[in-house]
Amino acid sequence: YRKKGIIFTLFLTYKGNLEAAEDILERYAAYAKEFGVGSRAVTRSGIAVTLCDMDGAYDAIFRKEGLIVGVTSIEDPELAVDLAFEFLRCF
């Protein structure tokens with residue numbers, strides 16, 4: 001995708017149950033901690049997005065029921081979060 005002149009990747013995966021989807025988020029946060037700088041939750045209107053700092057490139061991911069959606073490799077963490085919330089409205 002392209003937004004504000006920045007090219008980024010959107011990914012999504014569907015798991016059949018909430019536990020499997022939540023497990024993916026937890027493992028992704030652990031991956032960000034091991035191979036990047038870590039992760040943190042960003043909450044807006046009671047909805048949390050996980051922002052992963054991959055040493056200067058940011059991924060922002062969220063779970064909506066059994067669906068995992070994220071944007072990857074964005075240099076601006078605020079833009080990563082904004083894009084994640086923008087896509088959240090689509091689901």
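User: Let's start with K3 and E86: what makes this pair a salt bridge?

Analyst: Keep in mind that this is a predicted model. The closest N and O atoms of K3 and E86 are 3.2 Å apart. The rule asks for a Lys or Arg side-chain nitrogen within 4 Å of a carboxyl oxygen of Asp or Glu, so the pair qualifies. The two partners come from distant parts of the chain: K3 belongs to strand 1 (residues 2-3) and E86 to helix 2, 83 residues apart.

User: Why are K3 and E86 called partly exposed?

Analyst: K3 has 30% relative accessibility, and E86 has a relative accessible area of 27%.

User: How many salt bridges does the rule give?

Analyst: The count comes to 5. Among them is the one between R63 and E22, at 3.0 Å from N to O. R63 sits in strand 6 and E22 in helix 1, 41 residues apart in the chain. R63 is partly exposed at 31%, and E22 gets that label at 30%.

User: What about D82 and R44: what makes them a salt bridge?

Analyst: Their N to O distance is 2.8 Å, and the cut-off is 4 Å, so they pass. This pair ties helix 2, where D82 is, to strand 4, where R44 is, across 38 residues of the chain. D82 counts as partly exposed at 33%, as does R44 at 30%.

User: Which residues are linked with R44 in a network of salt bridges?

Analyst: E78 and D82 are the ones linked with R44 there.

User: On to the sheet. In what order do its strands come?

Analyst: The order is 3-7-6-5-4, in an open sheet of 5 strands with antiparallel pairing.

User: Why are strand 3 and strand 4 called edge strands?

Analyst: Strand 3 (9-14) and strand 4 (38-44) each pair on one side only. On average, neighbouring strands in this sheet are turned by 20° against each other, ignoring direction.

User: How do you know that strand 3 and strand 7 pair?

Analyst: Pairing takes at least two bridges, and strand 3 and strand 7 (residues 67-74) are joined by 6, so they count as paired, running antiparallel. For example, T13 has I68 as its bridge partner in strand 7, and F11 stands opposite G70.

User: And how many bridges join strand 6 to strand 7?

Analyst: There are 6 here too, and these strands also run antiparallel. R63 has I68 as its bridge partner in strand 7. The hairpin of strand 6 and strand 7 has 2 residues between the strands, and E65 in this hairpin takes a positive phi near 55°.

User: Where do the helices lie against the sheet, and at what angles to strand 6?

Analyst: Helix 1 (residues 18-35) lies across strands 3, 4, 5, 6 and 7, at about 165° to strand 6. Helix 2 (residues 77-88) lies across those strands as well, at about 25° to strand 6.

User: Why can you say that strand 7 is largely enclosed?

Analyst: Because 7 of its 8 residues are buried. V71, for instance, has contacts that include F8, F11, A60, L83 and F87, leaving aside neighbours within four places in sequence.

User: Which residues have the most contacts inside the largest nonpolar core?

Analyst: L51, A60, V71 and I74, in a core of 20 residues. Strand 5, strand 6, strand 7 and helix 2 each give two or more residues to this core, and helix 2 gives the largest share, with 8. Apart from this core lies another of 5 residues, including A21, L25, I61 and I68.

User: Is T50 buried or exposed?

Analyst: T50, in strand 5, has a relative accessible area of 18%, which is under 20%, so T50 is buried. Leaving aside neighbours within four places in sequence, T50 is in contact with S39, R40, D59, A60 and I61.

User: Last one: are C52 and C90 buried or exposed, and how many disulfides are there?

Analyst: C52 is at 0%, so it counts as buried. C90 has 59%, which is over 50%, so C90 is exposed. The structure holds 0 disulfides.

Key
Residues numbered from 1 in each chain as written. Predicted model: local features only at pLDDT ≥ 70, side-chain atom pairs only at ≥ 80, totals over all residues. Heavy atoms only, no water. Helix = DSSP H or I, 4+ residues; strand = E, 2+ residues; numbered from the N terminus. Axes fitted to C-alpha atoms, helices over the stretch in contact; angles between N-to-C directions. Contact = heavy atoms within 4.5 Å. Disulfide = S-S within 2.5 Å. Buried < 20%, exposed > 50% of the residue type's maximum accessible area, 1.4 Å probe, protein only. Core = buried A, V, L, I, M, F, W, Y, C linked by side-chain atoms within 4.5 Å.
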